Every structure is written in C-alpha cells, then in structure tokens.
Amino acid sequence: MIAFVFLLLSHFFFFQQKKRSAELTKISIGGGGYVPARILRSFLKTPGSPNIPIQAIGLSLYEKLAKEGPEEEIGTKVTRTQWLDFTSLANTDLIGKNILIVDEVDDTRTTLQYAVQELSKDVQLQAEKLGGNQPKTNFFIFVLQNKDKSKRGKLPEDMIKEGRYLAAETVGDVWYCYPWEAIDIDEHDRLATAGQATALKNGTNGVNH
C-alpha cells in the first residue's frame, strides 16, 4: 500500500515543481517522517540534478504507555527535541523555497500546526535579517494517513484551499503500527497479512500497515 501511495504522490509533487520555480526542500518530523521523506526523495529526484535536501526536526507529542508494545498515548504538549540550525544559512536557507513537511500520520494535527507555525517564524526572522523584498516561502504537508477525527491543531486556511496539504488516505481513529516501528518485522508482516485478509472478507480497511 505505502509503495503505491508514494508512486502516486510523486506525480503530484512533480507537477507542483513544474508549476513553481522555487526550489524544493523536505523537512521530516522525527521519527515517523524519516522513512517516508527518504522514499519520497527517490521518486521526486530529477535525473541529472542534485538530491533534494532533507532537514530533520524532532517533535514529540506521544507518551509511552506502561504496557508492553508499540502503542502510545497522546500527550498534552509538543516537546521540541531537535530543530534546524539557522546559524548556517548555507544548509538551512528556507526563503523562497517550497518546503514539504513529511510525517507518517495526522492524528490531532498538533505537531503539524506547531511545525508550520514555528518554521514560518524562522523564515520571517531570516527574511528580516537579509532585508529587502524576499521571495515567498510555500509550506506543503504530506502525511501517509489522516485520522478521521476532530483535530486540536489547525493549519493555515490557504494551505488547505490551495491543495498544499495532502494525505495519502483517510483512516479511522485507531492505532497504526508502521513497519519501521516494528520490533519483530516478521510478526508485523504476519499481523498485517491477517488484517488485510480479514478486511477483504468484511469489506473494511485493515489496521496494521
């Protein structure tokens, strides 16, 4: 499922790149955004051109449950564990770029709101230091799955209206264990296969991906 989704979205973002002259930079939200961002880069790379840079930020909202297993519960606030180093503009110049923020899931939307708001503030500070009329920076968001539920966080209205928010699929409010989170990948694959078989039988979506 995930590989197919990336293939479809590569066409979407390639079209966006052709429409816009600004350079594309990806920012992954760790740790769930690292793997999707890296795979997307392979699909989005233009032959003969340099690799699209990937920057990483660390935001934590989930808290580990006491019981064993990968499932976590939603915390009350976003904790910034890693951020961009703006002392080196050569590596973190976001002005005039198309910034694609990548994460695996849009649950409460809290971390996505935080990422967009704080990165926008950083871009504004960069522009003020440089002075003059700086080109606009456009923020995009891509998530593998958007949970169909009420959201705590909000994204800019123009981002939604202009199609700069994209979820590969909308799913129910259940816990998803992604392959890169699995401690036992063989057990993960077994459960995923069983879930898909049950989903086909019942005409519903499987839970494990």
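1. A residue is called buried here when its relative accessible area is under 20%, exposed when over 50%, and partly exposed in between (1.4 Å probe, protein chains only). By that rule, 40% of the 209 residues of the chain count as buried. The chain exposes about 11,700 Å², of which carbon and sulfur atoms supply 53%; accessible areas come from the Shrake-Rupley method with a 1.4 Å probe, and for residues only the protein chains shown count as cover.

2. Please keep in mind that this is a predicted model: local features need pLDDT of at least 70, side-chain atom pairs count only at pLDDT 80 or more, and totals for chains, interfaces and linings use all residues. Residues are numbered from 1 along each chain as its sequence is written, and side-chain values use heavy atoms, with hydrogens and water left out.

3. On confidence, the chain averages a pLDDT (the predictor's confidence in each residue, from 0 to 100) of 78, and 73% of the residues score at least 70. Where is confidence lowest in the chain, and where is it highest? Helix H1 (residues 2–19) has the lowest mean, 48, while H5 has the highest, at 94. Over residues 1–5 pLDDT stays under 50, and the model has 8 contacts for them beyond four places in sequence; a contact means heavy atoms within 4.5 Å. I would read that stretch with this in mind.

4. Now the overall layout. The chain has 6 helices and 6 strands; helices (H or I, at least four residues) and strands (E, at least two) are DSSP runs, numbered from the N terminus. Along the sequence they follow the pattern α-β-α-β-β-α-β-α-β-α-β-α. Among contacts in the chain with a separation of 6 or more, 74% are between residues 24 or more positions apart.

5. Strands E4 and E5 deserve a look together. They pair in the parallel sense over 8 bridges, where pairing requires that DSSP finds at least two bridges between two strands. Ile99 stands opposite Phe139 in E5. E5 is mostly covered, with 10 of its 10 residues buried.

6. The salt bridges come next. The whole structure has 11 of them, each being a side-chain nitrogen of Lys or Arg within 4 Å of a carboxyl oxygen of Asp or Glu. One of them joins Asp106 to Lys151, with the closest N and O atoms 3.6 Å apart. Because Asp106 lies in strand E4 (residues 98–106) and Lys151 in the loop between strand E5 (138–147) and helix H5 (157–161), this pair ties together parts that are 45 residues apart in sequence. Asp106 is buried at 0% relative accessibility, whereas Lys151 is partly exposed at 23%.

7. A second salt bridge pairs Lys147 with Asp107, and here the closest N and O atoms are 3.4 Å apart. Lys147 belongs to E5 and Asp107 to the loop between E4 and helix H4 (110–130), so parts 40 residues apart in sequence are tied together. Are these two residues buried or exposed? Both Lys147 and Asp107 are buried.

8. Lys121 is partly exposed, with a relative accessible area of 48%, and Glu118 counts as buried at 16%. Elsewhere, salt bridges that share partners join Asp107, Lys147, Lys149 and Asp173 into one network.

9. As for the geometry of H4, its 21 residues reach 31 Å from first C-alpha to last, close to the 30 Å expected at 1.5 Å a residue; the expected span is 1.5 Å times one less than the number of residues. The buried residues of H4 include Thr110, Leu112, Val116, Leu119 and Val123. Gly131 follows the helix and has a positive phi, near 75°.

10. Arg109 is worth checking by eye. Its phi is near 75°, a positive value in a residue other than glycine. Arg109 lies in the loop between E4 and H4 and counts as buried at 16% relative accessibility.

11. Finally, Ser28 sits in strand E1 (residues 24–30) and is buried, with a relative accessible area of 1%. Which residues is Ser28 in contact with, leaving aside its neighbours within four places in sequence? Ser28 is in contact with Gly33, Tyr34, Ala37, Ile54, Gln55, Ala56, Ile57 and Val102.
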